[in-house]
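Hi everyone, thanks for coming.

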Amino acid sequence: MGHKTVTRADLAEAVYQKVGLSRTESAELVERTLDLICDGLVQDKSVKLSSFGSFHVRSKSERIGRNPKTGEEVPILPRQVLVFKPSNVLKSKINKSMVGSGK
Amino acid sequence: MIKSELIQKLVDENPHLFQKDVENIVAAIFDEISNALARGDRVELRGFGAFSVKNRPARIGRNPRTGEKVNVGEKYAPQFKAGKEIRERLNR
């Protein structure tokens, strides 16, 4: 699929267009927003953004993994993973524009 | 943390901005991500993570209670993969 990839620069441009701050300040605010979400995840283990979705930190317990090449057993240590649950608003928005589009 | 708390933190850090501006900034960011996904585009934010859209083809499902066959239409589901930096921060 030959789709475009949206990056921080595009988010900063969207902020610049919508709010009318300088490009530099728009970029800084995008960065701070992402940083504050990360801080929120570290502190609260969850960040909920209504109509977009929610991020949750989940604890995984230790399990035995296997090196698929050598068959060797290796312990996978307990760890924290980040999961995203899209809101129904986001899911229906994507489905409305994508289903039947052939993309 | 919820959206209003995120907005409050940004307002506290940026006393020169009105609360309404900050609300528009946060909305612009997440609208841009949502719009990109609705076009089928990928959104890659280094250190934070990447969003993409995955196609789920139509299939024949079954009502688990009655065993009855039901047609389930094609769907698109947003995916998120956490970035390296946040993964490392969560496991420190």
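Let's begin at B:Leu45, whose bridge partner in E2(B) is B:Gly49. A word on names: helices (H or I, at least four residues) and strands (E, at least two) are DSSP runs, numbered from the N terminus. E1(B) and E2(B) pair in the antiparallel sense, over three bridges; two strands pair if DSSP finds at least two bridges between them.

Before going on, some housekeeping. This is a predicted model, where local features need pLDDT of at least 70 and side-chain atom pairs count only at pLDDT 80 or more, while totals for chains, interfaces and linings use all residues. Residues are numbered from 1 along each chain as its sequence is written, chains are lettered from A and ligands numbered from 1 in the order in which they are written, and side-chain values use heavy atoms, with hydrogens and water left out.

Back to our strands. Which sheet do they belong to? An open sheet of four strands with mixed pairing, in the order E1(A)-E1(B)-E2(B)-E5(B). E1 of chain A and E5 of chain B are at the edges with a single partner strand each, so one side of each has no neighbour in the sheet. Notice that this sheet takes strands from both chains. The link is E1(A), residues 5-6, which pairs with E1(B) in the parallel sense over two bridges. There, A:Val6 stands opposite B:Val43. If you like to follow side chains, remember that in a regular strand they alternate between the two faces of the sheet.

Chain B has another pairing to show you: E3(B), residues 59-62, runs antiparallel to E4(B), residues 69-72, with four bridges joining them. B:Gly61 has B:Val70 as its bridge partner in E4(B). Between the strands of this hairpin are six residues, and B:Gly67 takes a positive phi near 80°.

Now over to chain A. Here we find an open sheet of three strands, ordered E2-E3-E6, with antiparallel pairing. Its edge strands are E2 (46-49) and E6 (79-86), each pairing on one side only. E2(A) is joined to E3(A), residues 53-60, by four bridges, and A:Val47 stands opposite A:Phe55.

So how do the chains meet? Counting contact as heavy atoms within 4.5 Å, 46 residues come from chain B and 52 residues from chain A. The area buried between them is about 4,700 Å², and carbon and sulfur atoms give 67% of that. Buried area is the accessible area (1.4 Å probe) that two parts lose on being put together, summed over both. B:Met1, B:Tyr76 and B:Leu90 supply 16% of what chain B buries against chain A, more than any other three residues.

How many salt bridges cross the interface of chain B and chain A? The rule, a side-chain nitrogen of Lys or Arg within 4 Å of a carboxyl oxygen of Asp or Glu, finds three. B:Arg89 forms a salt bridge with A:Asp39, their closest N and O atoms being 3.0 Å apart. On the chain B side, H2(B) gives the largest share of the residues touching chain A, with 15 residues.

Over all chains, the count comes to twelve salt bridges. There is a salt bridge between the side chains of A:Arg23 and A:Glu13, at 3.1 Å from N to O. A:Arg23 is in H2(A), residues 23-44, and A:Glu13 is in H1(A), residues 8-19, ten residues apart.
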